[in-house]
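Welcome, and please open your viewer.

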Amino acid sequence: MSQEYDVVIIGGGTGGYVSAIRASQLGLKTAVVEKGKLGGTCLHAGCIPSKALLRSAEVFANAKNGEKFGVIAPEVSLDFRKVQARKEEITDRLFKGVQHLLKKGKIDVYEGKGRIIGAGNVSVQLNNEEEILLNCQNILIATGSRPRTLPGLEADGKYVMTSDEALQMEELPGSILIVGGGVIGIEWASMLIDFGLEVTVIEYADRILPTEDKEISKEAQRLMKKKGVKIVTGAKVLPETLGKGEGVSIKAEQKGKEVPYSADKLLVSVGRLANLEGFGLENTIVEVDRGVIRTNEFYQTSESNIYAIGDVIGGLQLAHVASHEGIIAVEHMAGENPAPLDYTLVSKCIYSSPEVASVGLTEDEAVAKGYQVKTGKFPFRAIGKALVFGEADGFVKLVVDQESNKLLGAHMIGPHVTDMITELGLAQVLNATSMEIAHTIHPHPTLAEAIGEAALAVEGKELHA
Ligand code: FAD
């Protein structure tokens, strides 16, 4: 049996399924091949389940600390099975939503493993073992990524985990070592300390969240330590020293010395590897460079009717990036003239408590690009709504071009900043100046007042500090 399509999408994660919806809106006859579950990493092993657990951890921590709000709950306890059940309920609901959207868009979904067998031909090994052939004008590769491990620190189902296994834990251990203090490592550290574990983060770089603005990293480190997370930086974990027995032990090299660490479990969060295997890349001339598929700005690979988007092409491995790349790719296939994605305008969020969010250049990046910069900073402790929330740590920092006053970058750490960053993303899209941001009326009392004040602070004109 064979079927004809304008586009066959291999991988139904955020990148793949959003591309499919847009392709169908554009009138393209579209198929998605998914070997696991529609929604991919983000929905089943990433964004959504991790945020569901983070929210439970936050509610647990707030309930225990209710006294400062005058709420006394003497016996707060955690039912981790319910925590996991709630997470499953949310993902299941969203999964059904994605299935419904694809059905509504008249998109054919093939549950099975897709394999490119030549230009315009994809074979699908269906989950029921049947094999079918799809003929198509274009192929979109959206096969995503998987957790990277360090040789010797592979997940073992008992002591060593990646985020995939951690999300499925049936019960919480008493303590954990987290190898890697990047975005995923810090989200887990924040969540697990709030659930009451002893948490140690071991990071190779000299600071956690090393891709964030330095001042944000420093504040994040201070606030994580204040919550009780032990943070070790400039430390290289030595996988060959891993010991298992009553929990795990491992050594890390720090300033020429080998320092031992131990805990009940170890979580490895050292990045993600693009999924390049098992879908017939060898039957194409698609170029792979440093572990990711190479594309042009419209996501065409070196074989022009094979496109690739999302985690499999590297760069910013984020769900909203994957979906935007996919939209551009299918619009290009349909003969539209989409504007290429400006990656400096992508907002990045970290859902720890407190949260971190940023868009644009860090102060160091702006200086390295030759800008003369000025900055404006404003703390949440001077914002009424933050005090009302009882979450007054952190600040907003704006990086502005000295000459034109244009916003170059915005960096925030504090309560709900992931919901506030889009204002600054829009400001950047519209080339706004700091004074235009300051003239935007921020209602009182809101957390966003910190943005208005930071904009005023660029000129030393902040009102409440
Ligand atoms: P994926 O979502 O990985 O989807 C790829 C799909 O392809 C999978 O479903 C896979 O089964 C399928 N597939 C692979 N090979 C084949 C084949 N041969 N045939 C058929 N199907 C195939 N991003 C954010 O923006 N915000 C967050 O808060 C966030 N939190 C995260 C938390 C964690 C713990 C993790 C691990 C990631 C997080 N991410 C977050 C990143 C986000 O999940 C990814 O950037 C996003 O899922 C990438 O989408 P994608 O479509 O490229 O790939």
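Select P354, which sits in the loop between β19 (348–350) and β20 (355–360); helices (H or I, at least four residues) and strands (E, at least two) are DSSP runs, numbered from the N terminus. The peptide bond joining S353 to P354 is cis, with omega about 5°.

Before moving on, note that this is a predicted model, in which local features need pLDDT of at least 70 and side-chain atom pairs count only at pLDDT 80 or more, while totals for chains, interfaces and linings use all residues. Residues are numbered from 1 along each chain as its sequence is written, and side-chain values use heavy atoms, with hydrogens and water left out.

Next, pick P445, in the loop between α12 (434–439) and α13 (449–457). A cis peptide bond links H444 and P445, and its omega is about -5°.

Then jump to K255, in the loop between β12 (247–254) and β13 (257–263). Phi of K255 is near 50°, a positive value in a residue other than glycine.

**Second stop: the ligand**

Now centre the view on the ligand.

Show the polar contacts, meaning pairs of N or O atoms within 3.5 Å. A polar side-chain atom of E34 is 2.6 Å from a ligand oxygen atom, and one of T41 is 2.5 Å from a ligand oxygen atom. At Q317, a polar backbone atom lies 3.2 Å from an oxygen atom of the ligand. The protein covers 93% of the 1000 Å² of accessible area that the ligand has on its own (Shrake-Rupley method, 1.4 Å probe).

**Third stop: a cavity**

Rolling a probe the size of a water molecule over the atoms shows where empty space is left. On a 1 Å grid over the protein atoms alone, a cavity is a set of points where a 1.4 Å probe fits but cannot get out, and a pocket is an open set with protein on both sides within 12 Å along at least five of seven lines; lining residues have an atom within 4 Å of a point. Grid points are joined across faces, edges and corners, and a volume is the space filled by probe spheres set on the points.

How many cavities of 30 Å³ or more does the whole structure hold? The search finds one. Select T211, E212, D213, K348, S358, G360, T362, E365 and H411 to see the lining of the largest cavity. This cavity lies between domain 2 (160–270) and domain 3 (354–457), because both give residues to its lining; the domain bounds come from an automatic or database domain assignment.

Finally, visit the second largest pocket, with about 600 Å³ of space. Its lining has 20 residues, and K68, K227, S353, G390 and E391 are the closest to its centre. Two or more lining residues come from each of α3, α6 (183–194), α7 (214–227) and α10 (384–389).

How values were computed. Polar contact = N/O pair within 3.5 Å; in protein donor to acceptor, adjacent residues only side chain to side chain.
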